[in-house]
Amino acid sequence: MYTLGFEGTAHTLGVGIVDDQGNVLSNIILTYPATEGIHPREAANHHAANMSDTISRALREADTGVDDIDVIAFSQGPGLGPALRTVATAARAMSISLGVPLVGVNHCIAHLEIGRLVTDAEDPVLLYASGGNTQVIAFSRGRYRVFGETLDIGLGNMLDKFGRAHGIPFPAGPAIEQKAKKGSKLIELPYSVKGMDVSFSGILTAALNSDEAMEDICFSLQETTFAMLTEVTERALAHTRKSEVLLGGGVVRNKRLRDMASTMARERGAETYVPDGGLCVDNGAMIAWTGYLMYQAGMEITVENSHIKPNHRTDDVEILWRN
Ligand code: ATP
Ligand code: FE2
């Protein structure tokens, strides 16, 4: 049994195919090169223009025919309206023309479920830091609960905004990581953890106004924001009494963030897991796998009820596929 999943919450178009054993048969990822930051309509145009080719590539790579697909899943939210609408349209069309069930998947939950599939994590606390999202999520009382999240912008967006102001091309995270390696002076930036939530806009303003050396600003940006996320993750571990940390989203490609989070986990006797490259960032395979789990739990939707959810909340979803 094969599930085809569409990802399209932001600038990435992803089409992935998984089987019912949890094998990822293909995972095609195409990212709109948003040099000036993401423009929602341009991202949507990118997805539309590349849609049929990306589907064909995913089918070819999985060595399956379109008639072999048994379930269609798509990223229903959260994300940018125009981008979501474009992939939802493709998913509906494919579901209708093949006569197979349709499942709408929460993007943040998909990051967690693919981690449970491809790593040894069974019941982790997810630290999810991407461009648009920054959340600490864990399973508790039948739902994936958000234990902490950004109150303003995602960490990746903050880094990209800082980079743009300094002429660093999008995405700026990797270049900031390289510069930070040469920095050593910790500049005071407003460390902001409020309860279990974090905020980054004050840090961005302070960093933009700083006249210290670029390397030291990058170093301090990373040290400050990563320490904030590590603190919230540690408190979620303590609160839920879980012993696994799963990392997801583009920002966790950063080695310093991985090191900080895994050091904290080790000191608490917990393990840290990171899915491999293409399964860690936005991708269609994670949507396909979560869609398959949801389908198995009877969570298919009708086309009439398949409207997109740009503000889809992680804890709105009833998790019928877990005990
Ligand atoms: P989402 O739709 O889930 O918000 P996204 O579209 O932002 O995801 P991702 O690929 O998950 O896509 O994340 C991209 C972000 O990750 C960018 O903001 C980029 O700057 C950041 N990033 C990538 N590599 C690094 C790195 N090495 N260090 C820090 N940030 C990084
Ligand atoms: Fe994501």
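L117 sits in helix α3. Leaving out residues up to four places away in sequence, L117 touches G22 and W289. I also looked at L117 against I55: they are 62 residues apart along the chain, and their C-alpha atoms are separated by 23 Å. Before I go on, please keep in mind that this is a predicted model.

For 323 residues, a compact globule would have a radius of gyration near 20 Å, and the chain has 19 Å, which agrees. The C-alpha trace spans about 60 × 40 × 30 Å along its principal axes. Of the 323 residues, 56% are buried. If you take contacts with a separation of 6 or more, 76% of them come from residues 24 or more positions apart. The accessible surface is about 13400 Å², with 46% of that belonging to carbon and sulfur atoms.

Which residues coordinate the iron ion, ligand 2? The donors are H107 through NE2, H111 through NE2, Y128 through OH and D282 through OD, at 2.1 to 2.3 Å. Written as a spacing in sequence, the donor residues read H-x3-H-x16-Y-x153-D. H107 lies in helix α3, residues 107-118, while D282 is in the loop between α9 (277-280) and α10 (284-296), so this pair ties together parts that are 175 residues apart in sequence. And are H107 and D282 buried or exposed? Both are buried.

On to the aromatics. The structure holds two aromatic pairs. One of them is F139 with Y144, which is edge-to-face, at 5.5 Å centre to centre and with 65° between the planes. The angle has to be over 60 degrees for that label, so 65° makes this pair edge-to-face. F139 and Y144 are both buried. There is a charge at F139 as well: the charged end of R322 sits over the F139 ring, 4.1 Å from its centre.

Staying in that stretch of sequence, have a look at R141. R141 is in the loop between β7 (134-140) and β8 (143-149). R141 is exposed, with a relative accessible area of 68%. R241 has a positive phi too, about 55°, and again R241 is not a glycine. You'll find R241 in the loop between α7 (214-240) and β11 (244-248). At 78% relative accessible area, R241 is exposed. As background, most residues other than glycine have a negative phi, and most peptide bonds are trans.

The peptide bond from G77 to P78 is cis, with omega near -5°. P78 is in the loop between β4 (69-77) and α2 (81-98). F170 and P171 are also joined by a cis peptide bond, with omega about -10°. For P171, the place is the loop between α4 (155-165) and α5 (173-181).

So, helix α4. Its buried residues are L155, G156, M158, L159, D160, F162 and G163. What covers the buried residues of α4? The cover includes β7, α5, α6 (201-209) and α7. Just after α4, G167 takes a positive phi of about 75°.

Last stop, α7, where L229 is found. L229 is buried, with a relative accessible area of 2%. Which residues does L229 touch, not counting residues up to four places away in sequence? They are L127, A129, T134, L155, V198 and F200. L155 is one of the buried residues of α4. Finally, L229 and E149 are 80 residues apart along the chain, and their C-alpha atoms are separated by 9.0 Å.

That's my tour, happy to take questions.

Methods: Residues are numbered from 1 along each chain as its sequence is written. Chains are lettered from A and ligands numbered from 1 in the order in which they are written. This is a predicted model: local features need pLDDT of at least 70, side-chain atom pairs count only at pLDDT 80 or more; totals for chains, interfaces and linings use all residues. Side-chain values use heavy atoms; hydrogens and water are left out. Rings of Phe, Tyr and Trp (its six-membered ring) pair if their centres lie within 6.5 Å; planes under 30 degrees apart count as stacked, over 60 as edge-to-face and the rest as tilted. Buried means under 20% relative accessible area, exposed over 50%, partly exposed in between (1.4 Å probe, protein chains only). A charge sits over a ring if NZ of Lys or CZ of Arg is within 6 Å of the ring centre and within 35 degrees of the ring normal. Donors are N, O and S atoms within 2.8 Å of the metal (3.2 Å for Na, K and Ca); water is not among the atoms, so sites may look incomplete. Helices (H or I, at least four residues) and strands (E, at least two) are DSSP runs, numbered from the N terminus. The radius of gyration is taken over C-alpha atoms; the globule rule is 2.2 Å times the number of residues to the power 0.38. Contact means heavy atoms within 4.5 Å. Accessible areas come from the Shrake-Rupley method with a 1.4 Å probe; for residues, only the protein chains shown count as cover.
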